[in-house]
Amino acid sequence: MTIFKGFFAACLLVLISGNLYSQQSSFSTLRIDTTLTTKTDSVSFYLKNTTSKTLNITATRTFSPVFFKRVNAFSIPANDSSKVWLLFHPNQNVTFDNFLAFENDGYKNAIIYLIHSSGKYPDALYSFTQNLWDENLKTALRNYTTTGYITLGYNVARDKMYETIDDYDNNDTLECVYTGRRAYIPNRAGAGLVGFNCEHTWPQSFFGSQDPMVSDIFHLYPTDDIPNNQRSNYPFGIVVSGITYNVGGSKLGRDNENAIVFEPRDVHKGNVARSLLYFAVKYGNPGGYMSAKQESVLKLWNVTSPVDSKEMIRNDRVQTFLHVRNPFIDHPEFADRIYSTFSTITTAPRPHSGVTPLNVKYDTLRINDTASYYVAITNSGFGDLNILSTTSGSPNFIVESAPTIVPENQIRYAKIKFHPTAGNQTYTSAITIIAGDGTSIVNLTGYSNNILWIVSLNEIPDG
């Protein structure tokens with residue numbers, strides 16, 4: 001099934017019918033037009049209940065923040081329909097496939113549909129990155145950052161940095177990126193007079209101080225001599241102990257693995273991250289400086305320390321001299337689409353699990369009767385999703401069957417049986433689903449009464 005959207009929101013009729021007690025064996029696709037990443041688009045459709053009882057939608061869930069709903073819970077009377085709105089706000093210029101689940105109190109499983117749409121950047125500059133991931137995206141960004149790039153040479157690069165690029169107030173006062181100390185620096189010679197020098201975020205000892213790396217201003221910053229010397233050529237990381245230097249929020253110490261790392265002050269963390277991500281994509285991994293551990297920290301800082309106006313201005317100014325931009329400043333989200341900036345991984349699986357419903361309530365049962373519910377496990381990522389285990393926390397809730405693999409853009413079901421062994425009780429527990437990308441908890445509730453069996457009497461009473 002397809003949604004077509006024009007000037008007015010079109011409406012699709014999706015039927016809810018069939019056996020209320022069996023799992024959904026197939027699903028339809030809801031499509032939304034390609035949408036700019038600066039916009040929110042929407043579509044509407046009707047859910048029609050063709051059964052003879054009211055169907056209560058207890059929750060409406062998607063498994064990606066780019067898709068969201070206007071209403072979470074609603075009811076559909078018997079043989080009637082209800083209008084549903086789905087909204088889409090993409091954050092990347094890629095195709096998005098996800099699932100829309102209607103949890104309910106009628107079926108023994110959620111009602112699920114696949115959602116398909118694409119995002120597009122409003123700026124034409126990065127149109128060449130449309131729907132690219134990993135090595136393909138790295139190659140495209142490397143070509144962009146090297147084609148037409150101007151190698152200034154180290155002295156000229158420092159002149160531009162001190163005299164123009166980092167002179168934000170246009171009064172020849174520069175700020176140390178690590179401590180915040182400010183000093184009057186009209187030119188390169190003036191930097192040495194006040195204890196300032198040029199920091200190479202990727203230590204130049206790892207690439208032999210060679211051009212074009214040594215003069216690439218995207219990783220050069222003015223800094224105080226002391227923190228520059230303290231940082232030395234240590235990797236960046238999160239300091240948790242053994243602090244030997246701590247000025248202005250920047251620290252030298254040991255991380256949680258007891259390795260010596262340098263942690264910049266919060267305001268500069270994102271700048272460091274985007275400088276090194278740019279450098280690794282463009283130049284590879286000179287000297288083996290980048291590691292998976294450091295890259296993980298940088299990707300965290302890329303999110304927690306977002307691009308500010310000063311960083312955007314700096315990107316503009318550097319472009320005037322180098323004739324290219326840092327793509328990770330313009331689009332920090334590129335980092336999410338590159339599994340490894342410093343090593344070659346041709347096919348990087350990115351399964352993304354979703355579990356629905358997260359709360360299951362069984363009908364009241366007689367002692368020793370059973371009822372089953374189908375918990376859906378979806379995979380809206382790339383590659384197979386491995387299900388490592390599906391376990392119950394109570395013998396009254398039994399995992400009858402569970403998948404071990406969920407293919408890309410598919411649904412598989414875990415069948416969970418409720419078996420009360422005592423009457424007039426409320427049973428609560430949970431199942432734990434451990435997948436390759438994380439853990440999900442499904443809460444279970446069941447009820448029992450005191451009836452052991454039902455006896456039908458056919459005698460006609462006296463009287």
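Reader: How many aromatic pairs does the count come to?
Author: The count comes to 26 aromatic pairs. The model is predicted, and the pairs are computed from it.

Reader: Which residues do ring pairs link into a cluster?
Author: The cluster consists of Y121, Y126, F128, Y144, F328 and F334.

Reader: What sits over the ring of W301?
Author: The charged end of K269 does, 5.5 Å from the ring centre. In another such contact, R337 lies over the face of W133, with 5.9 Å to the centre of the ring.

Reader: Now helix 5. How many residues has it, and how far does it reach?
Author: Helix 5 covers residues 266-283, which is 18 residues. From first C-alpha to last it reaches 26 Å, close to the 26 Å expected at 1.5 Å a residue.

Reader: Why is helix 5 said to be largely enclosed?
Author: Because 16 of its 18 residues are buried, helix 5 is largely enclosed by the rest of the structure.

Reader: And what comes just after helix 5?
Author: G284, which takes a positive phi of about 90°.

Reader: Switching to the open sheet: in what order do the five strands run?
Author: The order is 19-26-25-21-23, with mixed pairing. Strand 19 (359-365) and strand 23 (405-406) are the edge strands, each pairing on one side only.

Reader: How many bridges join strand 25 to strand 26?
Author: There are 10 bridges between strand 25 (residues 426-435) and strand 26 (residues 438-448), and the two run antiparallel.

Reader: Which residue in strand 26 does T426 stand opposite?
Author: Y447 is the residue opposite T426.

Note on methods: Residues numbered from 1 in each chain as written. Predicted model: local features only at pLDDT ≥ 70, side-chain atom pairs only at ≥ 80, totals over all residues. Heavy atoms only, no water. Helix = DSSP H or I, 4+ residues; strand = E, 2+ residues; numbered from the N terminus. Expected span 1.5 Å × (residues − 1). Buried < 20%, exposed > 50% of the residue type's maximum accessible area, 1.4 Å probe, protein only. Phe/Tyr/Trp six-rings, centres within 6.5 Å; stacked < 30°, edge-to-face > 60°. Lys NZ or Arg CZ within 6 Å of the ring centre and 35° of its normal. Pairing = 2+ DSSP bridges.
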